[in-house]
Amino acid sequence: MGALWHTAGMRKGMAFPVRFVSAGQTVQTTSRDLDEQSVFVRCLLSPARGEKVVLRLYLPGITDSVQAEVEEVEADGFRARFVSLTEDARHHIRTALLAGPIAGKSTSPENRRLLPRFQDRFRATLRIGERRTRHQALNLSASGCFVETETPPPLNQVVQLTLELPDGKPPAEVQGIVLHRLLPGSAQPAGAGVQFMASDDAFRARLDAYLEGLRKR
């Protein structure tokens, strides 16, 4: 079925939701990159190297959990190598890998995005330490959002986000990391592209339901 995506050179940078369970903790987060044998999971408190984890990869077509082992740990997460994959899961991973450019050849956030992004305005609060600032979010996807601000935080800054989704429910809390920023004076609104990296199952269920409503508009 063509080339195997099993080396760092064939690895694709892409963001999609990932749920992992390890040593009793369950975290809803997102990916940094993917190849046919592993996924990099964004996380600030990573499992130890060699630890077993159970993954849910929110890729189109994948419904089964994936057994994996932590292969390496970095400041922004960990690489989990798949211990076993069904043929069906492997097929859907290959399909995702074939859907866009190879990691390293394009770092544009537009090219790294796997899941649809929706234009949608709602209030969002950015918190860094004790400092809170209230802004407008301009778009939303399953893996993150863009927050309009004249003073976007630096790249790789971890932030706490409070999203005031217009769904009639209380504000939703999620941790994120700044992966894209536009400064004032550019052709597009200034702000920060924030990728979600720490939440719970309730947040994921609520976000998925809200996005489904946007799809049907």
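Guide: The side chains of Asp 120 and Tyr 210 form a polar contact at 2.6 Å. A polar contact is a pair of N or O atoms within 3.5 Å; within protein, one must be able to donate a hydrogen and the other to accept it, and residues adjacent in sequence count only if both atoms are side-chain atoms. The model is predicted: local features need pLDDT of at least 70 and side-chain atom pairs count only at pLDDT 80 or more, while totals for chains, interfaces and linings use all residues. Residues are numbered from 1 along each chain as its sequence is written, and side-chain values use heavy atoms, with hydrogens and water left out.

Asp 120 belongs to strand β8, residues 118–128; helices (H or I, at least four residues) and strands (E, at least two) are DSSP runs, numbered from the N terminus. With a relative accessible area of 7%, Asp 120 is buried, a word that means under 20%, whereas exposed means over 50% and partly exposed lies in between (1.4 Å probe, protein chains only). When neighbours within four places in sequence are left aside, Asp 120 is in contact (heavy atoms within 4.5 Å) with Ala 137, Leu 138, Asn 139, Tyr 210, Leu 214 and Arg 217.

Helix α3 (201–215) and strand β5 (52–57) each supply at least two residues of the lining of the second largest pocket. A pocket is found on a 1 Å grid over the protein atoms alone, as an open set of points where a 1.4 Å probe fits, with protein on both sides within 12 Å along at least five of seven lines; lining residues have an atom within 4 Å of a point. The volume of this second largest pocket is about 220 Å³, counted as the space filled by probe spheres set on the points, which are joined across faces, edges and corners. Its lining has 15 residues, and those closest to the centre are Tyr 58, Leu 115, Ala 142, Asp 208 and Arg 215. The largest share of this lining, five residues, comes from α3.

The largest nonpolar core has 50 residues; such a core is a set of buried Ala, Val, Leu, Ile, Met, Phe, Trp, Tyr and Cys residues joined through side-chain atoms within 4.5 Å.
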